[in-house]
Amino acid sequence: MKKIRIVNYPNLDDLNVFIHVARRSSFVGAANELGMSAAYVSKRVKLLEQNMSVVLLHRSTRQVSITEDGERVYEWAKGILESVQQMGDEVAALHGEPSGLLRVVSSQGFGRRFVAPALSELVALYPKLDIRLDIQDRLVDLIEEGVDLDIRVGNEIAPHLRARHLASNWRVLCASPAYLKDHGVPLSIGELANHDCLVIKERDRPFGIWHLNGPQGAETVKVT
């Protein structure tokens, strides 16, 4: 089998011109369809032949006929241009109305209170979206479990993931007057270790470890 050496990769516009010439068996007919001069159409096909190192068309004073190599290039060219058009259509669709399946995961408390209502509003805006919210109090492997979006609280993000800060989540320490009357008011963050605290388990975060900002700056305390 003869191996053809392609000097330069074919230009998509040249492939399109060649397809029109092959269909009409005429430079003039193709030129009229494309709104170009016959001389320019002939020049583009000639350049395509030079780049591919093959003869695509037999030329005579009366007609143009396609060669065997031209037949093969014609079929390939149609497929290439159709694929390029499909690529453009799919990319354009990404910038249109969102649609398809979107798998979202979040923690129990935060997910139920904030994420679920927000996703309900999102579906109302884009009814073609199929959103599935999975409430999990564990760290989820997004790739292994096929999850598109994990809305989580914290700053620890794996380096292979892309993250965006959505909002700040501030927490404050509080106690009822009755508790403080019975147990006294803690005078430092360290004294919290001697008090009865309500602790929430959040995914992979250590249970009962509080990271707080006090008068002395950032401090960590283990509470129960």
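# Close-up views of a predicted model

**View 1. Two cysteines, Cys 174 and Cys 197, sit apart.** At 71% relative accessibility, Cys 174 counts as exposed (buried means under 20% relative accessible area, exposed over 50% and partly exposed in between, with a 1.4 Å probe and protein chains only). This is a predicted model: local features need pLDDT of at least 70, side-chain atom pairs count only at pLDDT 80 or more, and totals for chains, interfaces and linings use all residues. Cys 197, with 15% relative accessibility, counts as buried. A disulfide is a covalent bond between the sulfur atoms of two cysteines. The structure holds zero disulfides, where a disulfide is counted as a pair of cysteine sulfur atoms within 2.5 Å.

**View 2. Helix 1 packs with helix 4.** Helix 1 covers residues 12-24 and helix 4 covers residues 68-94 (helices are DSSP runs of H or I with at least four residues, strands are runs of E with at least two, and both are numbered from the N terminus). Two packed helices are described by the angle between their axes and the distance between the axes. For helix 1 and helix 4, the angle is about 125° and the axes are 9 Å apart (axes are lines fitted to C-alpha atoms, for helices over the stretch in contact, and angles run from 0 to 180 degrees between N-to-C directions). Helix 1 and helix 4 are therefore oblique to each other (angles under 35 degrees count as roughly parallel, over 145 as roughly antiparallel, 65 to 115 as roughly perpendicular and the rest as oblique). Their crossing is left-handed, a label used if the near helix is turned anticlockwise from the far one by less than a right angle, with right-handed used if clockwise. On the helix 1 side, look for Leu 12, Leu 15, Asn 16, Phe 18, Ile 19, Ala 22 and Arg 23, which meet Gly 70, Val 73, Tyr 74, Ala 77, Lys 78, Ile 80, Leu 81 and Val 84 in helix 4. The residues of this contact divide into eleven nonpolar, two polar and two charged (Ala, Val, Leu, Ile, Met, Phe, Trp, Tyr, Cys and Pro count as nonpolar, Asp, Glu, Lys and Arg as charged, and the others, Gly among them, as polar).

**View 3. Ala 22 lies in helix 1.** Leaving aside neighbours within four places in sequence, Ala 22 is in contact with Ile 66 and Tyr 74 (contact means heavy atoms within 4.5 Å). Thr 67 is 45 residues from Ala 22 along the chain, and their C-alpha atoms are separated by 9.8 Å.

**View 4. Helix 1 packs with helix 2.** Here helix 2 spans residues 27-34, and the two helices pack at about 125° with their axes 8 Å apart. Helix 1 and helix 2 are therefore oblique to each other, and helix 1 passes helix 2 in a right-handed crossing. Helix 1 brings Asn 16, Val 17, His 20, Val 21 and Arg 24 to the contact, and helix 2 brings Phe 27, Gly 29, Ala 30, Glu 33 and Leu 34. Together the residues of the contact of helix 1 with helix 2 come to five nonpolar, three polar and two charged.

**View 5. Glu 33 is found in helix 2.** With 46% relative accessibility, Glu 33 counts as partly exposed. Not counting residues up to four places away in sequence, Glu 33 touches His 20 and Arg 24. Gln 216 lies 183 residues from Glu 33 along the chain, and 79 Å separates their C-alpha atoms.

**View 6. Helix 1 packs with helix 3.** Their angle is about 115°, and their axes are 9 Å apart. That makes helix 1 roughly perpendicular to helix 3, and the crossing is left-handed. Asp 14, Leu 15, Val 17, Phe 18 and Val 21 in helix 1 meet Val 41, Arg 44, Val 45, Leu 47 and Leu 48 in helix 3. The residues of the contact of helix 1 with helix 3 divide into eight nonpolar, no polar and two charged.

**View 7. Ser 25 and Ser 53 are found in loops.** Most residues other than glycine have a negative phi, and most peptide bonds are trans. Ser 25 is not a glycine, yet its phi is positive, at about 50°. You will find Ser 25 in the loop between helix 1 and helix 2, where it counts as partly exposed at 38% relative accessibility. Ser 53, likewise not a glycine, has a positive phi of about 60°. Its place is the loop between helix 3 (38-52) and strand 1 (57-59), and at 42% relative accessibility Ser 53 counts as partly exposed.

Notes
Residues numbered from 1 in each chain as written. Heavy atoms only, no water.
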